[in-house]
Each structure stands twice: as structure tokens, then as C-alpha cells.
Amino acid sequence: MATATVSPGGLTRREFLYYIWGASIALVTIEMTGLLVWFMLPRFREGEFGGAFRLPIDDLPEVNAPPFNFPDGRFWLVNVDNEVMVGCERMWNADEEESTIKGAAAIYKVCTHLGCIYAWVDANNRYECPCHGSKYRLDGRRIEDPAPRDLDRFKLAALDENDTVIAESEISSDGTYDTLTIPPNAAFLLIDTGDKKQGTGQPLLDNFHQGCP
Ligand code: FES
């Protein structure tokens, strides 16, 4: 008759294997749970690129003024209105551009061609990329290629004094973030650099009213 082998600790071989098996399952479960928690934790903190930036409303530029440069967040903050354009200043309209473009936007500082960092050039009232010459209007619309599309935008929200969201950017029919009309009681702006939408591939803006730019 077969007899169970008993270890010095008083466990049978079968019991010992059960314990090992149970411990392995527990270990795998703990590892999986740890991985899941790590995965669900926010990767970026507020105030770091990839996270959210909360700015006082005073940082928003005047309508059609040069963009506010925010290097830590890698974005430009703009406030545009193509209906109050004066002469050839910054928000030139194209002949085919019928609709109103009005409000604030947070524009990613990376060129949509091959990823160079472009600059705002005050003398020419536009963004210019030093790598291959792409140009963009104040609101990020493409003026000159080889850039394949307009500049990308981050999600923008307006907060009141209690940090309650009172308005936030909506996604336009062509899939990018629309400019946001800022309510009069806004006290802060929240730019989420973890939430970016690609600029659209609308036609080059090369047929301007009034001979601009
Ligand atoms: S990377 Fe900007 S034009 Fe090529």
C-alpha cells in the first residue's frame, strides 16, 4: 500500500505542492494588481508637460495680439477674432473663409511637417518654421507648406473663481479643438497638454483679402 511522504515540517508532499501552487497564484495576482494600479495612476502631474496647466485669465493676450509663449507647456496661447482684423495684422482672412474664427486656443509648438520647433516672428506677424519654411497664421492655420496641416491644439477650459469649469473647447466638425469663447466671469484657464487634437488639412491659406500678408 502506498504511503504519503511526510516532510520534516509535518507536511505531506501533496500539501507542500498545494502551498507552493497557492503562493505562486498569490504572487501573480499581487503583481497584476500592482501593474493595474501603476497603469491607472496619472503619468503627468499638474504643471508638467503632459499634464494640466492652470493660468490666470490675465495671461490671455488681447484680441489678435501676438501669442503668449508658454515654454513649460510647449504651447502658445492666442486670442483671435477674424472679424476685428485691422489692416493686415495677424488674422488675415482668406477669400474662402466665411465663418467667424473667434476665441482662445492653446497651440502646440511643434511643426506639423517633421516636428521642428517653430517660432512666432513678430516682424512678419506669423509663425515660421526654421527647418523647411512652413508658415502659419496666428490661430495656427497653415499659410505655406510643406506642413501637411494646421497646427495642433490642446484642450482648453475656462474656470471661475472656485475652479469650476464654465466653458471648454469643443471638437470641430473637422476633428480639431475649436477656439473657445471665454465667458466674462472666467478667472483661470486650464490647458490640458495630455489632450491634443491634430490640426486639420484644410487648403493652404494663400489667397488673402486686401493683399495680406
Ligand atoms: S519641420 Fe517645419 S517645415 Fe519641416
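**Figure 1. Salt bridge between D195 and K197 in the predicted model.** D195 and K197 form a salt bridge, with their closest N and O atoms 3.7 Å apart; a salt bridge is defined as a side-chain nitrogen of Lys or Arg within 4 Å of a carboxyl oxygen of Asp or Glu. D195 counts as buried at 18% relative accessibility, whereas K197 counts as partly exposed at 23%. Buried denotes under 20% relative accessible area, exposed over 50%, and partly exposed the range in between, with a 1.4 Å probe and protein chains only. Salt bridges with shared partners also join R149, D152 and K196 into one network. Because the model is predicted, local features require pLDDT of at least 70 and side-chain atom pairs count only at pLDDT 80 or more, while totals for chains, interfaces and linings use all residues. Residues are numbered from 1 along each chain as its sequence is written, and side-chain values use heavy atoms, with hydrogens and water left out.

**Figure 2. Salt bridges D81–K102 and K135–E144.** The whole structure contains nine salt bridges. In one of them, the side chains of D81 and K102 meet at 4.0 Å, N to O. This pair links distant parts of the chain, with D81 in strand β3 (residues 75-81) and K102 in strand β4 (residues 102-108), 21 residues apart. Helices (H or I, at least four residues) and strands (E, at least two) are DSSP runs numbered from the N terminus. D81 is buried at 8% relative accessibility, and K102 is partly exposed at 46%. Between K135 and E144, the closest N and O atoms are 3.6 Å apart. Here K135 is buried, with a relative accessible area of 12%, and E144 is partly exposed, with 35%.

**Figure 3. The largest nonpolar core and the contacts of L77.** A nonpolar core is a set of buried Ala, Val, Leu, Ile, Met, Phe, Trp, Tyr and Cys residues joined through side-chain atoms within 4.5 Å. The largest such core has 18 residues, and F75, L77, L156, L189 and I191 have the most contacts inside it. At least two core residues come from each of β1 (52-56), β3, β4, β9 (153-159) and β11 (188-197). With neighbours within four places in sequence left aside, the contacts of L77 include L55, F68, A105, L156, L189 and I191; contact means heavy atoms within 4.5 Å. A second, separate core comprises 17 residues, among them W76, C111, Y136 and L138.

Figure 4. W120 counts as buried at 13% relative accessibility. Not counting residues up to four places away in sequence, W120 touches P66, P67, W76, R90, N125, R126, Y127 and L138. The C-alpha atoms of W120 and F68 are separated by 9.8 Å, and the two residues lie 52 residues apart along the chain.

**Figure 5. Loop residues V84 and N64.** V84 lies in the loop between β3 and β4 and is partly exposed at 42% relative accessibility. Beyond residues up to four places away in sequence, V84 touches V63 and N64. V84 and V63 are 21 residues apart in sequence and 8.5 Å apart in space, C-alpha to C-alpha. N64 is located in the loop between β1 and β2 (68-70) and is buried, with a relative accessible area of 7%.

**Figure 6. Backbone geometry at N64, R74 and P146.** Most residues other than glycine have a negative phi, and most peptide bonds are trans. Phi of N64 is positive, near 60 degrees. R74, in the loop between β2 and β3, also has a positive phi, of about 55 degrees, and is partly exposed, with a relative accessible area of 43%. The peptide bond from D145 to P146 is cis, with omega near 25 degrees; P146 lies in the loop between β8 (142-144) and β9.

**Figure 7. The largest pocket and its lining.** A pocket is an open set of points on a 1 Å grid over the protein atoms alone where a 1.4 Å probe fits, with protein on both sides within 12 Å along at least five of seven lines; lining residues have an atom within 4 Å of a point. The lining of the largest pocket consists of 21 residues, of which I101, D139, R153, D178 and Q202 lie nearest its centre.
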